[in-house]
Amino acid sequence: MIIQSLSLDVPAPCLNRCRFCVSHMRRDRYVNQLDVNKPQYDLYLEDFERRLEFARDNGCNVIILTGEGEPLLNRRYLETFSIINKKLRKPFRWIEIQTSGTTLDRAFLRFLRNTVWVNTISLSVADLFSSKNNAAINQTTAGHEVDIDGLAALIEEFDFTLRLSLNMTSVYDQKAPREIFTRAADLRADQITFRVLYNSPKRDTPEDAWIDQHRCAPARLAEIKEFILKEGRRLEVLPFGAVKYSVQGIGTVVDDDCMATEAKEAVKYLILRPNCKLYSRWDDLGSLIF
């Protein structure tokens, strides 16, 4: 089994109600067995550790702290992961966190860097050019809006790798590819992932309707890909099939299968759910590994 990365599903609420959020399309919920009030908490700690070891035994070097909410809002879970990870025979050292940036301040960045060993901040953005519109699309709770420029400067100050994870809304229909990369360079971004918006299988949710009306136009996505091919330097093929390019010094990937919906020999990622079991799909209980 070739595993590109392990996603740790951190159980947490969210201060956003993103109009395109795939988490709102699903009804599956997993019991948080690492709740200290659970009677078999100690047993599930061992289960959690064994699943981490399994991923490492199968050559997985990358763990992504993510979830159906905002992982920053469950600091205790992040601490628990950190303690167990450091106990492993071969701890994860390449650790990323996927976040919208809400509540991420100087103190939390220090905690992520020094305690959790996070080295890459993958900042999820719906409008790279406007913090105000980004908050509107994400429907961020008042008082928790993200200042994209200010947060990017803080991330640089702590010397994290900054990846801009761009949710490709129709905002980018009005922006030439070169403008996007210039803006990313201004923010001192190290990497960009262009994330094509994903519909649920039944396409019957409010989020599906919003995506159908507000996804980035296929013609614009094609222009972006053409720009990457023309201006970029081909680096390597990732195990799940995408090709990574260097464009103006920024590592670049176009992710048009962000939910890993296609069947491939390589597993794009496994997901360690709060029930301490491993799955290969975000949207299918039948993808249980063990």
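Select K87. This residue is exposed, with a relative accessible area of 55%. The cut-off for exposed is over 50%, so K87 qualifies. Keep in mind that the model on your screen is predicted.

**Stop 1: the partner of K87.** E49 belongs to helix 1, while K87 is in the loop between helix 2 (75–85) and strand 3 (94–99). The pair therefore ties together parts that are 38 residues apart in sequence. E49 is partly exposed, at a relative accessible area of 21%.

**Stop 2: R17 and E207.** Select both. Their side chains form a salt bridge of 3.9 Å, N to O. R17 is in the loop between strand 1 (2–9) and helix 1 (41–57), and E207 is in helix 7 (residues 206–214), so this contact joins parts 190 residues apart in sequence. Is E207 buried or exposed? E207 is buried, at 8% relative accessibility. The cut-off for buried is under 20%. R17, by contrast, is partly exposed, with a relative accessible area of 46%.

**Stop 3: R188 and E156.** Move on to this pair. Their closest N and O atoms are 2.9 Å apart, in another salt bridge. Distant parts of the chain are linked here: R188 is in the loop between helix 6 (177–186) and strand 6 (191–195), and E156 is in helix 5 (residues 148–157), 32 residues away. R188 counts as exposed, at 53% relative accessibility. E156 counts as partly exposed, at 38%.

**Stop 4: a network.** Select E46, D47, R50 and R51 together. Salt bridges with shared partners join these four residues into one network. Then zoom out. How many salt bridges does the whole structure hold? The search finds 17.

Stop 5: The largest cavity holds about 40 Å³ of space. What do you get? Six are polar, two are nonpolar and none is charged.

How values were computed:
Residues numbered from 1 in each chain as written. Predicted model: local features only at pLDDT ≥ 70, side-chain atom pairs only at ≥ 80, totals over all residues. Heavy atoms only, no water. Helix = DSSP H or I, 4+ residues; strand = E, 2+ residues; numbered from the N terminus. Buried < 20%, exposed > 50% of the residue type's maximum accessible area, 1.4 Å probe, protein only. 1 Å grid on protein atoms, 1.4 Å probe; cavity = no way out; pocket = protein on both sides within 12 Å on 5 of 7 lines; lining within 4 Å. Points joined across faces, edges and corners; volume = space filled by probe spheres on them. Nonpolar A, V, L, I, M, F, W, Y, C, P; charged D, E, K, R; others polar.
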